[in-house]
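Trainee: I have a chain on my screen and want to learn how to read it. Can we go feature by feature?

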Amino acid sequence: MYAAGEDKIYLENGDAYGNTFIGSEDLIDIQNLKYYLRTPAKFELLSLVTPYGNNLDLGKDGKHFSLM
């Protein structure tokens with residue numbers, strides 16, 4: 001992005017050739033942004049915690065997990 005105004009034109013060998021005017025394209029309208037507070041969802045569709053192995057037995061009082 002370049003600022004509007006006069007700009008120099010150069011030849012391939014680096015010598016200055018002339019000037020050109022670069023006009024502005026648009027204006028920026030600075031405003032306050034609206035922020036929204038995100039809160040945790042009230043409903044959970046699925047929660048699945050899997051152990052680190054298939055057919056893992058966590059003992060007599062534990063849970064058993066196996067893939068179907």
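Mentor: Start with strands and helices. Both are DSSP runs, numbered from the N terminus: helices are H or I with at least four residues, strands are E with at least two. K8, for example, has its place in strand β1.

Trainee: What should I know about the model before going on?

Mentor: This is a predicted model, where local features need pLDDT of at least 70 and side-chain atom pairs count only at pLDDT 80 or more, while totals for chains, interfaces and linings use all residues. Residues are numbered from 1 along each chain as its sequence is written, and side-chain values use heavy atoms, with hydrogens and water left out.

Trainee: What is the mean pLDDT of the chain?

Mentor: First the term: pLDDT is the predictor's confidence in each residue, from 0 to 100. Here the chain mean is 78, and 69% of residues reach 70 or more. Where pLDDT is low, the predicted coordinates should not be read in detail.

Trainee: How many helices and strands does the chain have?

Mentor: The count is 0 helices and 4 strands. Along the sequence the pattern reads β-β-β-β.

Trainee: How do β1 and β2 pair?

Mentor: Two strands pair if DSSP finds at least two bridges between them. β1 (residues 5–10) and β2 (residues 16–22) have 6 bridges, in the antiparallel sense. Together they form a hairpin, with 5 residues between them. In the turn, G14 has a positive phi of about 100 degrees.

Trainee: Which residues in β2 stand opposite E6 and I9?

Mentor: E6 faces F21. I9 faces G18.

Trainee: With which residues is K8 in contact, leaving aside neighbours within four places in sequence?

Mentor: Contact means heavy atoms within 4.5 Å. With those neighbours set aside, K8 is in contact with G18 and N19. K8 and G18 are 10 residues apart along the chain, yet 5.8 Å separates their C-alpha atoms.

Trainee: And which residues does T20 touch?

Mentor: T20 is in strand β2. Not counting residues up to four places away, T20 touches G5, E6, D7 and I9. From T20 to G5 is 15 residues in sequence and 8.4 Å in space, C-alpha to C-alpha.

Trainee: Why does β2 lie largely in the open?

Mentor: β2 has 7 residues and the number buried is 0, so this strand lies largely in the open. Across the chain, buried residues make up 1% of the 68 residues.

Trainee: What share of contacts joins residues at least 24 apart?

Mentor: Take contacts between residues at least 6 apart in sequence. Of these, 0% join residues at least 24 apart.

Trainee: Where is L11, and how open is it?

Mentor: L11 lies in the loop between β1 and β2. Its relative accessible area is 42%, so L11 is partly exposed.

Notes: Buried < 20%, exposed > 50% of the residue type's maximum accessible area, 1.4 Å probe, protein only.
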